[in-house]
Amino acid sequence: MALSASSLLAKSVKTPYMKLDQNKQVQVMYIWIDGTGENLRCKTRTLNFEPKIVSELPEWNFDGSSTKQAEGSNSDMYLEPVAMFRDPFRLDPNKLVLCEVLKYNHKPAETNLRESCKKVMEKASHFHPWFGMEQEYTLLGVDGHPFGWPSNGFPGPQGPYYCGVGADKAYGRDIVESHYRACLYSGVNICGTNAEVMPSQWEFQVGPCEGVDMGDHLWLARFLLHRVCEDFGIVASFDPKPIPGNWNGAGCHTNFSSLAMRQAGGLQHIEYAIEKLARRHAYHIRMYDPSGGQDNARRLTGAHETSSIHEFSAGVANRGASIRIPRQVGRDGFGYMEDRRPSANCDPYRVTEAMVRTCILDETGEDTSNGKDSE
């Protein structure tokens with residue numbers, strides 16, 4: 001299996017340096033989404049105090065021409081801290097800070113979808129929208145070959161790998177456990193993990209989170225996964241269909257509820273929301289992957305536990321539907337619904353914003369400025 005060169009370094013050599021006293025200084029790593037809308041970047045600065053709240057963190061900047069976010073002639077971009085977490089790699093008192101990216105005129109960069117999401121969530125705040133997102137991903141070598149797969153061939157057919165146990169069924173559990181603990185330490189609201197149907201594919205779940213917090217926590221969880229994989233010398237891929245053929249793709253199933261859905265009689269409100277989603281299927285498909293639906297077209301084929309990208313469907317306990325109502329929700333008469341359409345590489349800000357626009361704010365048009373408020 002091809003590993004990154006950095007993973008071959010003697011990690012124990014680093015230990016005594018990390019134990020050195022920081023002389024009352026604090027390392028703060030600023031993290032942001034780059035111009036691809038999918039990749040994360042980071043850099044670190046030193047503060048002479050330990051920040052307790054986000055507002056204590058200074059604005060910073062970076063070279064946007066190197067991240068596909070600006071021209072070289074006007075390349076300065078601003079980093080505006082919006083969410084702060086503990087740093088599981090450098091440990092306390094050091095911090096990880098998720099940032100919004102602003103252009104030279106302090107307007108949101110094109111791939112900064114958080115500001116629009118926040119505005120929509122504020123409009124719907126009295127409905128208390130809750131989300132839980134199930135992030136699937138695939139472990140790869142740096143050569144792009146799935147971790148643990150034979151070099152010249154394929155593992156056995158799907159079946160024994162989902163929630164599997166054993167060296168011949170679970171590939172990369174060390175990474176999964178390390179990531180889980182890093183999330184717990186940092187304060188990410190991770191609520192579970194499991195091996196998925198395709199070997200070397202895993203899932204972690206984040207939530208419940210209310211409003212814009214869903215996007216903050218999922219993006220930070222993704223950063224932690226990339227960073228853990230870096231230490232192990234392999235790659236975490238969020239490609240919706242990393243291996244063509246008779247293998248499951250990777251999604252980011254999104255569980256959603258309003259306060260009314262979670263209370264007695266809530267199933268009626270869930271069914272109303274599903275009717276609204278049915279009328280805007282094409283709009284949601286565009287919002288559910290970074291390529292306006294092209295990435296999901298490889299995954300949403302109607303096979304491998306997916307619905308067809310061309311048709312909307314819903315059902316109780318139906319994993320082949322666009323929207324699944326969990327069996328317990330159908331029995332209890334209240335709870336939440338699961339939208340199974342979002343791709344593994346979706347932007348959680350865009351997905352949650354779209355759901356609130358349709359299900360709570362009752363928007364009906366097919367164009368809402370590509371998920372952003374109209375100017």
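Which side chain does a polar contact join to that of Arg340? In this predicted model, the partner is His253, and the contact between the two side chains is 3.4 Å.

View 1. Besides the polar contact with the side chain of His253, the side chain of Arg340 reaches the backbone oxygen of Glu305 at 3.3 Å. Beyond its neighbours within four places in sequence, Arg340 is in contact with residues including Arg299, Leu300, Asn318, Arg319, Ala321, Ser322 and Arg324.

View 2. When neighbours within four places in sequence are left aside, the residues in contact with Arg341 include Leu277, His281, His284, Ile285, Tyr288 and Asn296. Arg299, Leu300, Ser307, Phe312, Ser322 and Ile323 are also among the contacts of Arg341.

**View 3. Helix α10 and its start.** A side-chain oxygen of Asp347 comes to within 2.8 Å of the backbone nitrogen of Tyr349 at the start of α10. The helix has 12 residues and, at 1.5 Å a residue, should span 16 Å; the end C-alpha atoms lie 16 Å apart, in agreement with that expectation. α10 is mostly covered, with 12 of its 12 residues buried. Among these buried residues are Pro348, Tyr349, Arg350, Glu353, Arg357 and Cys359.

Terms used
Residues are numbered from 1 along each chain as its sequence is written. This is a predicted model: local features need pLDDT of at least 70, side-chain atom pairs count only at pLDDT 80 or more; totals for chains, interfaces and linings use all residues. Side-chain values use heavy atoms; hydrogens and water are left out. A polar contact is a pair of N or O atoms within 3.5 Å; within protein, one must be able to donate a hydrogen and the other to accept it, and residues adjacent in sequence count only if both atoms are side-chain atoms. Contact means heavy atoms within 4.5 Å. Helices (H or I, at least four residues) and strands (E, at least two) are DSSP runs, numbered from the N terminus. The expected span of a helix is 1.5 Å times one less than its number of residues. Buried means under 20% relative accessible area, exposed over 50%, partly exposed in between (1.4 Å probe, protein chains only).
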